[in-house]
Amino acid sequence: MHLLEQRIREEGVVKKGNVLKVDSFLNHRIDIRLLDAIGEEFHRLFSDAGVTKIVTIEASGISVAVMAARYFDVPVVFAKKSKTAQLDSDVYSARIHSFTHNNDYTAIISRKYLSSEDTVLVIDDFLANGEAVRGLREILREAGATLAGVGIVIEKGFQGGGDRLRAEGVHVESLALVDSMNAETGEISFR
Ligand code: 5GP
């Protein structure tokens with residue numbers, strides 16, 4: 001998505017440790033026109049997939065998921081993060097390692113909001129090593145739900161998570177695919 005790449009080039013800040021900050025339009029201040037265009041693009045890419053629900057993880061996936069859901073006209077369910085691994089029988093859960101915080105958390109979705117009747121589009125802001133998506137897929141499997149595909153705003157291709165999913169046959173669509181980035185020069189290149 002050209003518009004998105006342009007915004008990343010102009011406003012993205014490359015931090016040490018392979019972290020890209022896009023606080024000016026996605027992760028702190030939210031540009032609703034850009035997010036609306038992103039939502040529309042996800043709909044175009046997955047319109048034939050029979051999506052009944054969009055699933056994401058709090059917090060930063062929610063805004064993207066909601067904007068896309070307007071086009072699909074389906075509900076959004078976001079996995080809640082819990083620091084403890086305590087389990088409740090009313091929830092599906094998966095342990096996930098956080099790339100940005102370097103800790104583990106449990107992602108939880110209530111059994112009330114996901115079932116084997118659902119065909120799910122997983123949406124997130126970033127895809128790096130693929131841990132968040134792996135955890136959400138684990139929850140989908142537990143629920144018996146079907147995975148329609150994975151829609152990502154920014155994939156950092158050099159971390160390999162996206163290619164591993166594609167190799168498994170998962171339909172992954174990333175609207176911007178970063179090939180490399182340099183914390184010293186601030187340079188970002190796209191695939
Ligand atoms: P993964 O689980 O694929 O390793 O990482 C994806 C998750 O970590 C996303 O939910 C996202 O919130 C966060 N993340 C990973 N890399 C970045 C990054 O470079 N910038 C930001 N803002 N978040 C990231």
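Me: How far is the backbone oxygen of Ser 24 from the side chain of Arg 29?
Reply: In this predicted model, 2.9 Å separates that oxygen from a polar atom of the Arg 29 side chain. A polar contact here is a pair of N or O atoms within 3.5 Å; within protein, one must be able to donate a hydrogen and the other to accept it, and residues adjacent in sequence count only if both atoms are side-chain atoms.

Me: What else does Arg 29 touch, leaving aside its neighbours within four places in sequence?
Reply: With those set aside, Arg 29 is in contact (heavy atoms within 4.5 Å) with Asp 23 and Ser 24.

Me: And where does Arg 29 sit?
Reply: In the loop that runs between helix H2 (23-27) and helix H3 (32-46). Helices (H or I, at least four residues) and strands (E, at least two) are DSSP runs, numbered from the N terminus.

Me: Is Arg 29 buried or exposed?
Reply: Arg 29 has a relative accessible area of 56%, so it counts as exposed. The cut-offs are under 20% for buried, over 50% for exposed and partly exposed in between, with a 1.4 Å probe and protein chains only.

Me: How far apart are Arg 29 and Val 74?
Reply: They are 45 residues apart in sequence, and their C-alpha atoms are 25 Å apart in space.

Me: New topic: how many residues surround the ligand?
Reply: There are 17, and the closest are Leu 20, Asp 124, Ala 128, Gly 130 and Lys 156.

Me: Which polar backbone atom is 2.7 Å from a ligand oxygen?
Reply: One that belongs to Gly 130. The Lys 156 side chain has an N or O atom 2.8 Å from a ligand oxygen, and for the side chain of Asp 125 that distance is 3.3 Å.

Me: What about Glu 155, which strand is it in?
Reply: Glu 155 is in strand S8, residues 146-156. Glu 155 counts as buried because its relative accessibility is 1%.

Me: What does the side chain of Glu 155 make a polar contact with?
Reply: The side chain of Arg 166, at 2.7 Å. Beyond neighbours within four places in sequence, Glu 155 is also in contact with several others, including Leu 127, Asp 163, Val 172 and Ser 174.

Note on methods:
Residues numbered from 1 in each chain as written. Predicted model: local features only at pLDDT ≥ 70, side-chain atom pairs only at ≥ 80, totals over all residues. Heavy atoms only, no water. Near = heavy atom within 4 Å.
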